[in-house]
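Take a look at the structure below.

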Amino acid sequence: MMVKKGTDVTPGVTGLLATFGYAVVPVVKKPVIGIISTGTELLQVSDAMVDGKIRNSNLSMVYAQVLEAGAEPLDLGGVSDDFDKSYHAVKAAISKVDILITTGGVSVGDFDFLPAIYEKLGAKVLFNKVAMRPGSVTTVAAMPNGQLLFGLSGNPAACFVGFELFVKPIIYKWYMKENPFPAFAEAKLTHDFPKANPFTRFVRAALQFTGSHISVTPTGLDKSSAVTSIAEADCFIVLPGEQEVFKQVIKLMFCCFSTKAVVPRAG
């Protein structure tokens, strides 16, 4: 076999195919991934700030994550906290996309009705909430034809983590990648980190390489609403739920989500 199924068509692969006379080869179509953000409190990015409102950072962020994962994002806009409007927006979107992502509308609250919308659509909820932080309210459902609907948190950090851990592997699976899941490795924690709850926590962090040693440092506030900690992060530190405080220099598992996090070549 010259090229395995699921191989990216890089310049090197293109050259190999050309050498052996393959001008045309079958490839996988990019999945179209729709994004709907829910919440009456949301403003457009360019809007002036208004009391009681926040800018819709999730839509822009998830759009960029979809692009980085190699898929085709489709901005389906926002919808207010109204069941009927949200239901019709989701129903109309399904026919336009291969996978649908909604942000917001999945935690416990008067306006968090995505699970009810999935039920009305005839979708089967595969899971509703996960014992992790952030992103515990992540909900995934499947339509009768297998089409997946991802309900991610409205909190930016939780939304970001939910995409990286649950949506991105599905995109990679679509592309027939041999291993679609994040790779985990071990590194030293650079300073103490108190853990406030018993659930496994995925902490936004930055990798550092010193010779053959790898260390990880949290990149700011570990709050679900914090956006600044995402911008400088290239990995998640995985903090198991059974321990309350993590001391510096202990070794912890981490997983990379950014192409920036590449081990440098020796020498």
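The charged end of Lys120 sits over the ring of Tyr87, 4.3 Å from the ring centre. A charge counts as over a ring if NZ of Lys or CZ of Arg is within 6 Å of the ring centre and within 35 degrees of the ring normal. Lys177 places its charged end over the ring of Tyr172, 5.3 Å from the centre.

This is a predicted model: local features need pLDDT of at least 70, side-chain atom pairs count only at pLDDT 80 or more, and totals for chains, interfaces and linings use all residues. Residues are numbered from 1 along each chain as its sequence is written, and side-chain values use heavy atoms, leaving out hydrogens and water.

Now the aromatic pairs. The structure holds four. Rings of Phe, Tyr and Trp (its six-membered ring) pair if their centres lie within 6.5 Å; planes under 30 degrees apart count as stacked, over 60 as edge-to-face and the rest as tilted. Phe160 and Phe236 pair edge-to-face, 6.2 Å centre to centre, with 80 degrees between the planes. Phe160 lies in helix H5 and Phe236 in strand E14 (residues 235–239), so this pair ties together parts 76 residues apart in sequence. Helices (H or I, at least four residues) and strands (E, at least two) are DSSP runs, numbered from the N terminus. Phe202 and Phe236 also form an edge-to-face pair. Ring pairs link Phe160, Phe202 and Phe236 into a cluster.

Phe236 is buried, at 1% relative accessible area. Buried means under 20%, exposed over 50%, partly exposed in between (1.4 Å probe, protein chains only). Glu164 in helix H5 is buried too, at 3%.
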